[in-house]
Structure formats: C-alpha cells, structure tokens
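Welcome to this short tour.

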Amino acid sequence: MMKPVQTEEVQLLLYTLARETDIQQLRHAAADMIERLEEEREQKAQAVYYAVLDEMSQANINALAYENNSLEDKNERLKQVVRDMADLL
C-alpha cells in the first residue's frame, strides 16, 4: 500500500524541479499545451455543433415527411369526394 504524500515532500519536489527547470522551456511547454487544449476544445465544439445540426436536420426531414403524408391523405380524400360528387351527378 502506498503511503500518502506529505506536504513537505511535495514542496521539496517542487523546489528541486524549479531549480533544475529552464523557465523558458517551461513557458514553451505551457504554451504548447494551451494550444493543443484549445485545438481539442475547438474540435469537440465542432463535433457537438455538427451532431446538433444533424439532429435538427433529421427532425426537419421527419416533419416534412409527416406533412407530405398528411397532404397525400388529404389529396386522396378530396379525390374521393370529387368522385362521389361525380357519381351523384
């Protein structure tokens, strides 16, 4: 079982890293990480946008199909009414 890390150990590690780390390298690494994270965020945002757009498009297609079927049904009923009226004449 691992023992918990003590605050003093963390402070010593950070102090050692700070002494041995080139600040300029650290800045470049941080800038690179921020750039990658921003690119990933943009990619995820686009993926969500396109998923929502696709869902909305499918909903519109379904609504138009329903409307089209409804109009076809009404058209058939009107044709039947005209046929029935022609039969009466």
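Predicted model: local features only at pLDDT ≥ 70, side-chain atom pairs only at ≥ 80, totals over all residues.

Next, zoom out and look at the overall outline. How many helices and strands does the chain have? There are 2 helices and 0 strands. The radius of gyration is 34 Å, well over the 12 Å that the globule rule gives for 89 residues, so the chain is more spread out than a compact globule. If you draw a box along the principal axes, the C-alpha atoms fill roughly 105 × 35 × 15 Å.

Select residues 7-20, which form helix H1. H1 is hardly covered, as the count of buried residues among its 14 residues is 0.

Stay in this helix and pick Leu 13, which has its place in H1. Is Leu 13 buried or exposed? Its relative accessible area is 52%, so Leu 13 is exposed; the cut-off for that word is over 50%. Then click Leu 14, also found in helix H1. Leu 14 counts as exposed too, at 52% relative accessibility.

Go from the C-alpha atom of Leu 13 to that of Glu 55: the two residues are 42 residues apart along the chain, and their C-alpha atoms are separated by 50 Å. Then go from Leu 14 to Lys 74, which are 60 residues apart along the chain, with 77 Å between their C-alpha atoms.

Now show the aromatic rings. A search of the whole structure finds 1 aromatic pair. Select Tyr 49 and Tyr 50 to see this pair: the arrangement is edge-to-face, with 5.3 Å centre to centre and 70° between the planes.

For the last stop, colour the charged side chains. The chain has 10 positive and 18 negative ones, and the centres of the two sets lie 2 Å apart.

Note on methods: Residues numbered from 1 in each chain as written. Heavy atoms only, no water. Helix = DSSP H or I, 4+ residues; strand = E, 2+ residues; numbered from the N terminus. Rg over C-alpha atoms; globule rule 2.2 N^0.38 Å. Lys, Arg positive; Asp, Glu negative; His and termini not counted. Charge placed at Lys NZ, Arg CZ, Asp CG, Glu CD. Expected span 1.5 Å × (residues − 1). Buried < 20%, exposed > 50% of the residue type's maximum accessible area, 1.4 Å probe, protein only. Phe/Tyr/Trp six-rings, centres within 6.5 Å; stacked < 30°, edge-to-face > 60°.
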